[in-house]
Amino acid sequence: MSLRHTGVLLRSQPLAHPWLLPRRSVHSPASFRQVSLLPDRKRRGVVFPFSALEGHLDRRVDWEDFQLFHPSEEDLRRAEELFTPSARHDILYTSSAVRMDHVPVTQQPEVCFIGRSNVGKSSLIRALFSLAPDVEVRVSKTPGHTKKMNFFQVGGAFTLVDMPGYGHKAPRDFVDMVEPYLQARKNLVRTFLLVDGFVGPQKADLIAVEMCEEFGLPYVMVVTKIDKVRPGVLLPHLLQLQSLIKTQTKYCFAQPFLVSSIHFSGVHLLRSFIAHVTGNLQLSS
Ligand SMILES: Nc1nc2c(ncn2[C@@H]2O[C@H](COP(=O)(O)OP(=O)(O)OP(=O)(O)O)[C@@H](O)[C@H]2O)c(=O)[nH]1
Ligand SMILES: [Mg+2]
């Protein structure tokens with residue numbers, strides 16, 4: 001099977017007619033330097049998307065957990081360097097695997113992204129890597145698009161894995177590949193469990209939570225597609241998640257992260273969190 005079918009296309013591989021492919025330009029909000037030029041409120045809304053909900057919050061609810069991880073601008077800048085390729089710091093797709101005996105052997109800390117099919121895993125990874133235009137991550141409207149575990153290497157710092165989704169059309173992929181990976185991968189330091197902000201936590205997400213708890217994995221919830229959701233719909237979903245984390249989890253980080261891969265909201269914050277949990281960023285504050 002060619003790379004084209006793995007869901008990942010590595011542009012640095014020889015191409016028959018490379019001049020026919022427009023080089024993907026770095027989208028400006030992808031870069032913290034560009035975001036920091038925005039007016040104050042707008043900048044806060046992109047970097048800390050929860051702050052954009054402040055005017056809608058019910059004062060009786062304790063929302064403190066949603067702002068636990070709060071890096072400084074300097075931390076955000078340093079994290080961004082990790083996601084920016086250079087001659088001495090390659091960011092690249094390395095391989096795909098369908099079985100544990102095919103996964104790359106590495107001692108580097110690793111993070112992985114799981115969630116229902118179509119929740120936005122590949123889109124989020126594409127947004128995280130948007131400063132590395134040579135790394136192409138395929139996304140699709142059709143659920144069940146990512147069929148393999150796709151490994152990306154970020155210099156000598158860490159590896160990141162995009163996973164097939166669970167739910168619609170993909171239960172076997174998940175059970176056969178992802179579960180054994182989650183149970184056996186020794187260098188896995190954090191699992192990101194994505195939940196669709198538009199529909200809120202679904203039964204399949206609750207099963208994934210149970211699985212993470214059963215395996216004793218340190219994991220984090222990420223609420224996706226927030227650009228599509230009105231605060232009046234998003235906030236009840238966040239309350240549901242908050243209650244789920246508080247009452248039914250032991251290994252989940254208390255703060256759910258909010259992201260829009262289209263507007264890059266929350267992407268800079270997530271880069272910092274990944275840099276932090278992989279041991280590559282000591283917070284300055
Ligand atoms: N509006 C909006 N749409 C998004 C966002 N993220 C992803 N999508 C859309 O959701 C659909 C699925 O995105 P993918 O990133 O391929 O989802 P996935 O979780 O990787 O799906 P599988 O590989 O099938 O498991 C695509 O049509 C994306 O454009 C977002 O932040 N906002
Ligand atoms: Mg995918």
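This is a predicted model: local features need pLDDT of at least 70, side-chain atom pairs count only at pLDDT 80 or more; totals for chains, interfaces and linings use all residues.
How many nonpolar, polar and charged residues does the shell around ligand 1 have?

**View 1. The shell around ligand 1.**
Sorted by class, the shell has 14 polar residues, along with five nonpolar and five charged ones. Of the 24 residues around the ligand, the ones that come nearest are Gly-120, Ser-122, Ser-123, Thr-146 and Gly-165. If you want to know which element gives the most to this shell, look at helix H4, residues 121-128, with three residues.

Is Asn-118 buried or exposed? Asn-118 has 23 other C-beta atoms within 10 Å, and the cut-off for buried is 20 or more, so Asn-118 is buried.

**View 2. Lys-225 in the loop between S8 and H7.**
Lys-225 sits in the loop that runs between strand S8 (219-224) and helix H7 (231-248). Lys-225 counts as buried because it has 23 C-beta neighbours inside 10 Å.

Strand S5 covers residues 149-154, and six of its six residues are buried. Which residues point which way from S5? Met-149, Phe-151 and Gln-153 go one way, while Asn-150, Phe-152 and Val-154 go the other way. Both sets are buried.

**View 3. S5 paired with S2.**
Strand S2, residues 91-97, pairs with S5 in the antiparallel sense, and the pairing runs over six bridges.

**View 4. S5, S6 and the hairpin turn.**
S5 also pairs with strand S6 (residues 158-162), again in the antiparallel sense, this time over five bridges. A handy landmark is Gln-153, which stands opposite Thr-159 in S6. How many residues lie between S5 and S6 in the hairpin? The two strands form a hairpin with three residues between them. One to look at in the turn is Gly-155, with a positive phi of about 50°.

Methods: Residues are numbered from 1 along each chain as its sequence is written. Chains are lettered from A and ligands numbered from 1 in the order in which they are written. A residue is near a molecule or strand if its C-beta atom, placed from the backbone, lies within 6 Å of it. Helices (H or I, at least four residues) and strands (E, at least two) are DSSP runs, numbered from the N terminus. Ala, Val, Leu, Ile, Met, Phe, Trp, Tyr, Cys and Pro count as nonpolar, Asp, Glu, Lys and Arg as charged, and the others, Gly among them, as polar. A residue is buried if 20 or more other C-beta atoms lie within 10 Å of its own, exposed if 12 or fewer, and partly exposed in between; C-beta atoms are placed from the backbone. Two strands pair if DSSP finds at least two bridges between them.
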